Amino acid sequence: MSHTHVELRRGAYADSVTLLQVSRTVAAGAGVEAAQVAMATDLNLDVLAGMGFAPPPDVTANDMVVALRLDDEAALAPALVAVDAALAASSRVAAGTVELAPPRTTGSALSRDANGGDVLALVSVPGPSAFVEAMDALDAGHDVMVFSDNVPLDQEVALKRTATERGLLVMGPDCGTAVVGGLGLGFANAVVPGPVGIVAASGTGCQQLMALLDHADLGVGSALGVGGRDLSADVGGLSTRESLRRLDDDPAIELIVVVSKPPAAEVAATIREYAATLGTPVEFALLGAGQPDLTAAAETVLARLGREVPDWPVWGEATARADGGGLLRGLFVGGTLCDEAMLVATQVIGPIRSNIPFSPELALGPDLDADAHLMIDFGDDTLTSGRAHPMIDPTLRLEHLAEVAADPRTGVLLLDVVLGHGAEDDPAASLAPAIARAACPVVVALVGTTSDPQGLSRQAEALSAAGAEVHLSNAAACCRALELIGGAR
Amino acid sequence: MTTPTRIVSAGAGLFADAIEAQAVPVSRVDWRPPMPGTEADLATVAADPLRRPANEQALAAMLGVQALLVDVAPASEVLGLHRGEFLHAGPPIGWETASGPLRGGLMAGAALEGLVDDPEMAVALFESGDGISLEPCHHRDTVGPMAGVVTPSMWMFVLEDPATGRRAHCSLNEGLGKVLRYGAYSPEVLDRLRWMSAVLGPVLQKAVRTSGPVDATGILTQMLQMGDEAHNRNRAGTLMLLRDLSPAMVDSGFPSADVAAALRFIGGNDHFFLNVAMPTCKLALDAARGIDGSTMVVAMARNGTEFGIQTSGTGDQWFTGPAQVADGLFLGDYGPDDANPDIGDSAITETAGIGGFAMATAPAIVRLVGGSVPDALATTRRMHEITLGENPRWSIPVLEFQGVPSGIDVSLVCRTGILPQINTGMAGKVAGVGQVGAGLVTPPAEIFPQALAQLAARARARSTT
């Protein structure tokens, strides 16, 4: 006879990633059928309801819910002990005396250690609160990286105008990755220092470029993320301009690459004009219809610096369905990787349905399904609101993957796997069983460097052993997927 | 570009872990969601271009004031208070909603002024309202502890900012126990008040006028290093004031029995200096008023029913909510059921960074207010999370002479959910009882989002014009 326990902890708080880990730890305990420890956001309440738990009344998003389904009542006490132990283990106590509580705001943290040095703030709090934390950094005279998404556009503009007035740099909002003087921030690949400087309005686009250059033994000095909206007319490329200035000042940088979706025309013109005034040459890799893909951009960079272009590696080989047809199903965690794949595929098989469509009529409904070729970006704002990014929490994509892999319409599955600091410890471990079960061929774009903590070759081998064909180049992976459903380039 | 020497990380712990794995130190912010519903207003206020310079100006103005005790004189003279006019603590309130101790204080005041023969008869007078007016002390450059009742014949400390000539006032402290400010109105209470007007006030006036201004800000600097937090402990400050004034009191020409009685009264009342500390704080905070865009709190005050705050950037508007009952120790047989909700203008000390904010410097009284020494250190440090800066004059030895946390920022209170910590006395809730205990109290949380909403509305109005 199973036993259900739902408990409200008012005023308790931990971030969604921590709670995900706590939930998993508790769920793995003896006698526990299901465990969900989460802040009572609307989304999490839906999740709880979906798991069959009745959420307690009068909850707010500032309350924590502990929901457990147990084999029997006897399992409750040890499960609650496990909850408390997991929560306690996740909260770190700052060094020093007991009375010195950790700072509660970015401003407080910056003012406590006024020893100077080159201090940078990293903000990854929920979007509606990111602006005030980032302003703390600017007010204290420090650069800031804003990983948070769901930050309103007017706040981004206000933040960047303030930074511009003060000669400071705002990376983001929605800046997934950056490398500053060799230090990886957010989802960052471990790169060898080198002569390339990157300014990226797209996180995974930047990571793809770094992965390819790493394979070609070309290092990256710094990669500054600016957020996907920086080159829009509203924002006007303020952070791109400041990033270009910083990289131009760096004597170690020989070539700057700007990675972005196509910018607003007037912004592109001013940025190109500004780039022309710099001492360091600037290469623009602008992903769009009729433009070179990221792999081609990497090859251009190599050529401009007089390096040889290597063969891009492939692990394993997928086999087409017996009828050689079916629909293309792309499930991505990287927005730019999804965009790039859609660009490549559109040229071959026509329009692609998506949750980040090229035109409104191609949009998918909330069920993310259509009787057509489609690609889904699980890292999109609307799918990450109230939950962790799919590079940290693979649950949502794994659920869809199971459905799509079992769907007889599916002709080929195209996936991306992104390695680096901050990303899942072992993404292949959760993907491999799902890949092995798939009735259709699976092609994976594996974006990572040889120094990444997950181990590039280990991941590639695990994925290919499960039956996937693995490419370092996302564009090559996409071409291969098209080939497997009979599309030819 | 050089590698950052340190990262301050607010948000997901795994990014901080990833940075530490690359051998760069990380300061982790213990971030929590802000008070419910405040995100948009917090962002609006943070984006207000006036905010930063306005807060810098407000803090500097407050910290720049040096308050001098320049006179002691009746309220009728220095405040122009007329018969039938009553000042009281906290935000505006009428008789009908006044709490027991405030009513008791008003009844004592009516009897003191001869409006009624017996304090009990004043109830009908206040109910009718004939020839009576009630006004907050704060509206008349004044602060009053507990009930804060000021009537024309009461003698006042007069503090002056020599740079501007601005003044702030406070009545003379009556001591503890059965006293008007705690709502008592028995004959001994009225006798003491009459003696204070007849003897104590004139003696002090002569002494201050002869010996010259007393540097009240300077005494506060010293007493904070001597174990006083200047709200619930004023022992060192009282003795220093006595040291400064006693020669002139002795020389005042008043009968020696009167001088001796005055010296004995001051020396026997450890809280005597509170009524100098309060207007000193008021004078400093008033210098920070009326600065557009500033989110700094310039007054926290309670009338026994409501707790109110005013901020620099919102003019004279009060933001109010229900006053809370303090948590602490009780005198004799009294218990929580006997205590009135929080009352008095004395939270002006916390507003200025002392009192509960300087608890770390007063370990001697942490038990009186129900705490422990580590609690006291933690409290002062916690208050730095909600304040704009530190006071370079007022420092705390045990915290390596760190300045007291100064300039409460409405935004920081809403962001952190940390409420200002106030040390306070507790009045009995029934008129006439007097003091029942002392303890710790916080403002009602909702008044900070209220103030923030008004600051945000003003910022939005400015940005669209």
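Reader: Which residue of β1(B) is the bridge partner of A:L122?

Author: This is a predicted model, and in it A:L122 has B:S9 in β1(B) as its bridge partner.

Reader: What makes strand β4 of chain A and β1(B) a pair?

Author: Two strands pair if at least two bridges are found between them, and 5 bridges join strand β4 (residues 119–123) of chain A to β1(B), so the two strands count as paired. They run parallel.

Reader: How many residues of each chain are in contact with the other chain, and which elements of chain B supply them?

Author: On chain B there are 45 residues in contact with 53 residues of chain A. The elements of chain B that each supply at least two residues to this side are β1 (6–10), α1 (13–20), β2 (26–29), α2 (39–47), α13 (373–383) and α14 (410–416). Sorted by class, the side of chain B that touches chain A holds 26 nonpolar, 9 polar and 10 charged residues.

Reader: Which residues meet where α11(A) and α16(A) pack?

Author: From α11(A), A:L337, A:E340, A:A341, A:V344, A:A345, A:V348 and A:I349 take part, and they meet A:N474, A:A475, A:C478, A:C479 and A:L482 in α16(A). The residues of this contact divide into 10 nonpolar, 1 polar and 1 charged.

Reader: Why does A:S232 count as partly exposed?

Author: A residue is buried with 20 or more neighbours and exposed with 12 or fewer, and because A:S232 has 18 C-beta neighbours inside 10 Å, this residue counts as partly exposed. A:S232 lies in the loop between β10 (220–225) and α8 (238–249) of chain A.

Reader: Which residues of helix α15 of chain A are buried, and what do they pack against?

Author: In helix α15 (residues 456–465) of chain A, the buried residues are A:L456, A:Q459, A:A460, A:A462, A:L463 and A:S464. They pack against β13 (314–315), β17 (410–418), α14 (427–437), β18 (442–447) and β19 (469–471) of chain A.

How values were computed:
Residues numbered from 1 in each chain as written. Chains lettered and ligands numbered in written order. Predicted model: local features only at pLDDT ≥ 70, side-chain atom pairs only at ≥ 80, totals over all residues. Contact = placed C-beta atoms within 7 Å. Helix = DSSP H or I, 4+ residues; strand = E, 2+ residues; numbered from the N terminus. Nonpolar A, V, L, I, M, F, W, Y, C, P; charged D, E, K, R; others polar.
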